Amino acid sequence: MKRFVISAGLALASIALTAAADGDTASDHAPIGVMADHRHEKGEFMFSYRYMRMVMDGSRIGTNSVTPEEIVTTVPNVFAGQPGQPPTLRVVPTDMNMDMHMFGAMYGLTDRVTLMAMTSYVRNEMDHITFAGPAGTDVLGEFTTSSDGIGDTVVSAIIGLDNGKKAHRQFNLNLGFSLPTGRIGFEDQVLAPNGMTPTLRLPYPMQIGSGTIDFKPGLTLRDRFGDVSIGGQVMGTVRLGDNSSDYTRGNIGEFTTWVAYEPRPWISLSSRLLGRTMGSIDGFDPLIVAPVQTANPAFQGGETLEALFGVNLLGQEGFVRGHRLAAEFGFPLVRDLNGPQLETDFMFTLGWQKAF
């Protein structure tokens with residue numbers, strides 16, 4: 001990871017040193033964390049790569065942080081009464097890291113319609129504390145679970161609704177579908193409250209795919225006024241039916257708005273707000289049964305508001321001409337979670353784009 005960040009920094013410096021003040025500009029694209037924000041001219045391709053890391057630490061019920069000891073003494077186990085299931089939760093996740101590599105391609109079918117496809121490779125890692133026996137706060141031990149694989153694949157069309165008379169203004173309709181190419185049956189070894197270490201199906205946050213075809217509509221508006229560009233996007237994810245494990249992840253609604261300042265044509269600095277609401281899971285996987293919060297379908301989703309800050313760089317001379325490199329760092333301002341649930345501490349995205 002350290003070498004990766006150093007290499008990225010050197011690449012950023014290289015673009016900055018070789019950029020010129022002509023041609024396309026850095027703010028022609030939204031912050032790197034915004035997907036499907038722009039159209040391409042007919043016949044133009046663009047390829048992209050994004051690396052995103054999300055770090056979660058500690059749990060929250062609604063807007064309040066809670067300790068593992070509070071969780072195992074106050075939160076009922078939804079599976080209580082089934083064989084081997086205690087009355088309260090006995091296993092608590094303490095932190096989770098998600099690393100995602102996203103690969104995208106865009107093609108200008110016409111000047112008004114751009115086609116896009118994106119897939120990903122995801123790795124999740126979650127640490128837990130197990131408390132001994134059916135009650136109390138005696139710690140039995142700790143363990144870590146992980147999952148990694150190809151994520152779901154998104155195919156979409158970006159359709160221009162503007163008249164195309166202003167080069168820097170776009171008003172786009174986003175219509176897409178997410179295809180269930182990610183697995184939903186990952187397993188790993190866990191530490192149970194009785195001291196056994198069985199291999200079980202991992203809870204919902206550790207499953208990489210949704211298992212359903214999801215409809216993804218949206219609207220994007222962006223404009224520019226001198227050295228300042230602004231934009232906004234509304235996106236939704238609507239699950240179409242149950243998956244093969246008899247559950248449906250919650251629908252998602254997102255709104256983001258950003259403003260970027262371009263001191264030079266090769267660099268823009270941005271700030272962004274991102275609001276998200278996500279429903280809880282409908283149904284349940286009969287193989288996900290454990291005294292841990294992540295196994296409860298009701299303890300998923302909630303509302304968040306995040307602040308993000310980014311930089312876009314565009315090479316305009318030599319071997320970096322046309323290459324875009326961008327980064328964005330964000331953290332939550334408001335978290336109201338259907339908990340107990342792990343809370344996000346920060347997220348970081350680094351990306352590359354090149355049009356041909």
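Visitor: Which strand gives the most to the nonpolar patch?
Guide: β17 does, with four residues. Strands here are DSSP runs of E, at least two residues, numbered from the N terminus. This is a predicted model, where local features need pLDDT of at least 70, side-chain atom pairs count only at pLDDT 80 or more, and totals for chains, interfaces and linings use all residues. Residues are numbered from 1 along each chain as its sequence is written, and side-chain values use heavy atoms, with hydrogens and water left out.

Visitor: Why is L273 called partly exposed?
Guide: Buried means under 20% relative accessible area, exposed over 50%, and partly exposed in between (1.4 Å probe, protein chains only). L273 has 38%, so L273 is partly exposed. L273 sits in strand β14 (residues 267-278).

Visitor: Why is A36 called buried?
Guide: The relative accessible area of A36 is 9%. The limit is under 20%, so A36 counts as buried. A36 lies in the loop between α1 (2-18) and β1 (45-62). Helices are DSSP runs of H or I, at least four residues.

Visitor: What is the phi of A36?
Guide: Phi is positive, about 55°, although A36 is not a glycine. D246 is another residue other than glycine with a positive phi, near 70°. D246 is in the loop between β11 (228-239) and β12 (247-248).

Visitor: Which residues does the cis peptide bond with omega of about 10° join?
Guide: G339 and P340. P340 belongs to strand β17.
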